[in-house]
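Subject: Structure handover

Hello,

Here is the structure for you to look at. My notes on it follow below.

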Amino acid sequence: MTFRELDKIIIATGRKGDALLLLSLLLDSFDNGVECVDIDTVMAETGLKNPNVSAVTNKLKDLGALTILYKDMRSEDGLFSEVRNGRWSKAYYKLPQAILQLYRRG
């Protein structure tokens, strides 16, 4: 992936500011040793509301610039899945290897 390709993806979300804010948060988190960031942290750190976070993350996922994992909050094993399990699932966001390599972090 190139920066120009990433720029096209960000523009394609229709939420350029939100996408840039989210990607910068995830890159900073990765630099601090955190690979997956939960939706509550994203909202607290960025000031974005849940519908905006969901809209931009789903679009970034569809465009290959984000991985969304779900954690079943009823389960004690703490396993992540790419399949959502209804209202008991909590979304976590992770940058794919292509983005990490682009920023020379992977």
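Two strands count as paired if DSSP finds at least two bridges between them. Keep in mind that this is a predicted model.

Strands first. E2 covers residues 67–72, and E4 covers residues 89–94. The two run antiparallel and are joined by six bridges. Within this pairing, isoleucine 68 sits opposite tyrosine 93 of E4. E2 also pairs with E3, residues 80–81. That pairing is antiparallel as well, with two bridges. Here lysine 71 of E2 has phenylalanine 80 in E3 as its bridge partner.

Now a residue in E4: serine 89. Is serine 89 buried or exposed? Its relative accessibility is 13%, so serine 89 counts as buried. The cut-off for buried is under 20%. Which residues does serine 89 touch, leaving aside neighbours within four places in sequence? They are Tyr70, Lys71 and Arg84.

On to the helices. H1 spans residues 3–12, and its buried residues are Leu6, Ile9 and Ile10. Why do they lie on the same side of H1? Because they cover an arc of only 100° around the axis. What do the buried residues of H1 pack against? Three helices are listed: H2 (16–31), H4 (50–62) and H5 (97–102). After H1 comes glycine 14, with a positive phi near 75°.

Best regards

Note on methods: Residues are numbered from 1 along each chain as its sequence is written. This is a predicted model: local features need pLDDT of at least 70, side-chain atom pairs count only at pLDDT 80 or more; totals for chains, interfaces and linings use all residues. Side-chain values use heavy atoms; hydrogens and water are left out. Buried means under 20% relative accessible area, exposed over 50%, partly exposed in between (1.4 Å probe, protein chains only). Helices (H or I, at least four residues) and strands (E, at least two) are DSSP runs, numbered from the N terminus. The arc is that of the directions from the helix axis to the C-beta atoms. Contact means heavy atoms within 4.5 Å.
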